[in-house]
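Please view the sequence and the model together, then read the points below.

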Amino acid sequence: MEMLMKMKEHGMIRIELFPDLAPVAVKSLNRLVSKGKYDGRAIERLEPDFVIQPLFQDGKDPEIDQMIEPEFRTRQDNHSYPFGRGVVAMAGDESFASGSQFFICLKERDYLQGNFTVIGKVVSGWEEIERLEAVEVDAFLDKESGRIYHVPKEKHVVETIEIIDER
């Protein structure tokens, strides 16, 4: 099973999904992709040497603004999956996982292991990831959490996401 993330006016990132490692999260992604919920959304967060994270939760659409079972807590094989460059995982916190928002890890980050639900890994499209890694970013203070995030200075939009299931 693969997820194809096509960037508007740019390239595509191909991600191998792990439905056996994260069945709840992959099912949630598949449902939202089939409804076109990801199409036209921008890259929200771009942390150099850390993550690329498209914006999917927006506080407006209850179908996409949802939390699901944190499979990093309930599945030992997910909890022990190592976080290297290209690993794709669901955003969230220590109690819940996002049902829609994922990130692509840009560098090995051992401290993420066991704290986020792994759903797949990048298998191609590295030139698109490298292009995104090189865009200029601005610092953004999230008043609610007090954390500083980095956002692209110019909008970079996910044109469409498609899931291919050849099983």
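**Helix α1**

The buried residues of α1 are Ala25, Val26, Ser28, Leu29, Leu32 and Val33, where buried means under 20% relative accessible area, exposed over 50% and partly exposed in between (1.4 Å probe, protein chains only). These residues cover an arc of only 160 degrees around the axis, which puts them on the same side of α1; the arc is that of the directions from the helix axis to the C-beta atoms. The model is predicted: local features need pLDDT of at least 70, side-chain atom pairs count only at pLDDT 80 or more, and totals for chains, interfaces and linings use all residues. Residues are numbered from 1 along each chain as its sequence is written, and side-chain values use heavy atoms, with hydrogens and water left out.

- Lys27 and Ser34 are exposed on the other side of α1.
- An α-helix has 3.6 residues a turn, so residues three or four places apart point the same way.
- Just after α1, Gly36 takes a positive phi of about 70 degrees.

**Aromatic pairs**

- Five aromatic pairs are found in a search of the whole structure; rings of Phe, Tyr and Trp (its six-membered ring) pair if their centres lie within 6.5 Å, and planes under 30 degrees apart count as stacked, over 60 as edge-to-face and the rest as tilted.
- The ring centres of Phe83 and Phe103 are 6.4 Å apart and their planes are at 20 degrees, so the pair is stacked.
- Phe83 is buried, with a relative accessible area of 1%, and Phe103 is buried, with a relative accessible area of 4%.
- Phe83, Phe103 and Phe116 form one aromatic cluster.

How values were computed. Helices (H or I, at least four residues) and strands (E, at least two) are DSSP runs, numbered from the N terminus.
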